[in-house]
Amino acid sequence: MASFRNLSMALVVICTSLPLCSCLSGNLGRTEHYELVPPHSSASWVAGQTTLQDCLSQLGAPIDVWESPTGGSVMAWYGSDISGWSLTMSVPVGQALSASASYSDIQDVDRGVVLFFDPGWVLTTWSEGEIAELVREGRRRPSVVE
Amino acid sequence: MNHYSLRSLVAAGLLALLVSSCAFARNRTHEPIPAQAVAALEVGDSAARVTEVLGAPTEVVQLGNRSAYRYDYTESKKTGLLLVVVGFYNSDSHQDRVWVFFDEASNLTHVGSTLKADETGYGMPWSDKD
C-alpha cells in the first residue's frame, strides 16, 4: 500500500511539473577545461633565478605564449573547474509579450598564472589571478624582426 | 489495474522521459600527440627535425629573433540530462599540448608538454572523476 502511495505521489509531482517546464527551468552545470594551476605553485619561484625549464617541469606546457613588451617572453597557464545553478523564469503578460528573469551563480572565469621571462629564459616576475585581467596587462603585437 | 501493472506503467513513463532527454557529445580537434614523439626531441634539434617528428604546428609565435611552436590536440565530452523542469549538464575538456622553443638559429632550446586529453570523461555535475 505504501508503494502505491509513493507511485501516486510521483505521478502527481510529474503531472504538476509538466506545465511548469514551459515557464520555469533550473540547471545544474559543471564545466571543466584545461587544468587548474596547483595552489602554492609560486612558492618555489625566485625572480632572477628560476628558469623556463624549471617552470615547464613544474607546470607542463603553457596555454599561451607571446612576446613581452621588454623583448622577453610571457607565458600563461590557466584552467577552470566551475559548477553551479542557474534558474530561468518566463511569464506571459500579454498576447505578444512575456517577461523573463534569470539567475546564475556560475562565474565562468579562468584562473591561473602569467609568467614573464627575460631573453635568457629566466623568470623576472609573475602574476596570479583571473587570466583575462592578467593577459590584458601584458599583451602586445610582435615586434618587427630586423 | 493491479499495483504491479501500474508500477510498470509509471516506470516505463519515467524511463521514456529520461531517455528522450539525455544527450552525449564528443568533440576532437587536431591529432593526438604521441608521448614517444615528444620524448624523441632533444635540445639542439633543428626546427626541421621537430616538424619532421611532430608535423606542422598549430601556431608559430615570434619571440623577438627567437620562436616557439605550439602543438595541441583537444578532446571535449559533454553530458546532458533534462528532467521536466530541471536540467543537468557536464562539460569536460582537456588537451595534449606541447610547446617547443627555438633560439635565433632555430635550434631547439626547451620543450614543455602536457598530455592530458585522455583524462577527458563523461559525467554529471556532481561526478568525481578521481
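**Note on the predicted two-chain model**

1. Strand 1 (residues 24-34) of chain A and strand 3 (residues 73-94) of chain A run antiparallel and are joined by 11 bridges. Within this pairing, Ser25(A) has Thr88(A) of strand 3 of chain A as its bridge partner. The model under discussion is a predicted one.

2. Strand 1 of chain A also pairs across the chain boundary: with strand 4 of chain B it forms 8 bridges in the parallel sense. Two positions illustrate this pairing. Gly26(A) has Val86(B) as its bridge partner in strand 4 of chain B, and Thr31(A) stands opposite Ser91(B) in that strand.

3. As regards the overall make-up of chain A, the model contains 3 helices and 6 strands in this chain. Their order along the sequence is α-β-α-β-β-β-β-β-α. Of the 146 residues of chain A, 20% count as buried. Among the contacts in chain A between residues at least 6 apart in sequence, 60% link residues at least 24 apart.

4. The contact between the chains involves 38 residues of chain A and 31 residues of chain B. On the chain B side, the elements that contribute two or more residues are helix 1 (3-19), strand 2 (59-63), strand 4 (86-102) and strand 5 of chain B. Strand 4 of chain B gives the most, with 13 residues. Sorted by class, the side of chain B that touches chain A comprises 13 nonpolar, 14 polar and 4 charged residues.

5. After helix 2 of chain A comes Gly60(A), which has a positive phi, near 85°.

6. The largest nonpolar core has 32 residues. The residues with the most contacts inside this core are Ala76(A), Tyr78(A) and Leu115(A) from chain A, with Ala68(B), Trp99(B) and Val100(B) from chain B. Two or more residues are supplied to the core by each of helix 2, strand 3, strand 5 and helix 3 (131-138) of chain A, and likewise by strand 3 (66-83) and strand 4 of chain B.

7. Which residues are in contact with Ala68(B), leaving aside its neighbours within four places in sequence? They are Val65(A), from the other chain, and Val61(B), Leu63(B), Trp99(B), Val100(B), Phe101(B) and Phe102(B). Trp99(B) and Val100(B), in this list, are also among the residues with the most contacts inside the core.

8. In chain B, strand 2 and strand 3 run antiparallel and are joined by 5 bridges. Leu63(B) stands opposite Arg66(B), which belongs to strand 3 of chain B. The hairpin formed by these two strands of chain B has 2 residues between them, and Gly64(B) in this hairpin adopts a positive phi near 70°.

Note on methods. Residues are numbered from 1 along each chain as its sequence is written. Chains are lettered from A and ligands numbered from 1 in the order in which they are written. This is a predicted model: local features need pLDDT of at least 70, side-chain atom pairs count only at pLDDT 80 or more; totals for chains, interfaces and linings use all residues. Helices (H or I, at least four residues) and strands (E, at least two) are DSSP runs, numbered from the N terminus. A residue is buried if 20 or more other C-beta atoms lie within 10 Å of its own, exposed if 12 or fewer, and partly exposed in between; C-beta atoms are placed from the backbone. Two residues are in contact if their C-beta atoms, placed from the backbone, lie within 7 Å. Ala, Val, Leu, Ile, Met, Phe, Trp, Tyr, Cys and Pro count as nonpolar, Asp, Glu, Lys and Arg as charged, and the others, Gly among them, as polar. Two strands pair if DSSP finds at least two bridges between them. A nonpolar core is a set of buried Ala, Val, Leu, Ile, Met, Phe, Trp, Tyr and Cys residues joined through C-beta atoms within 7 Å.
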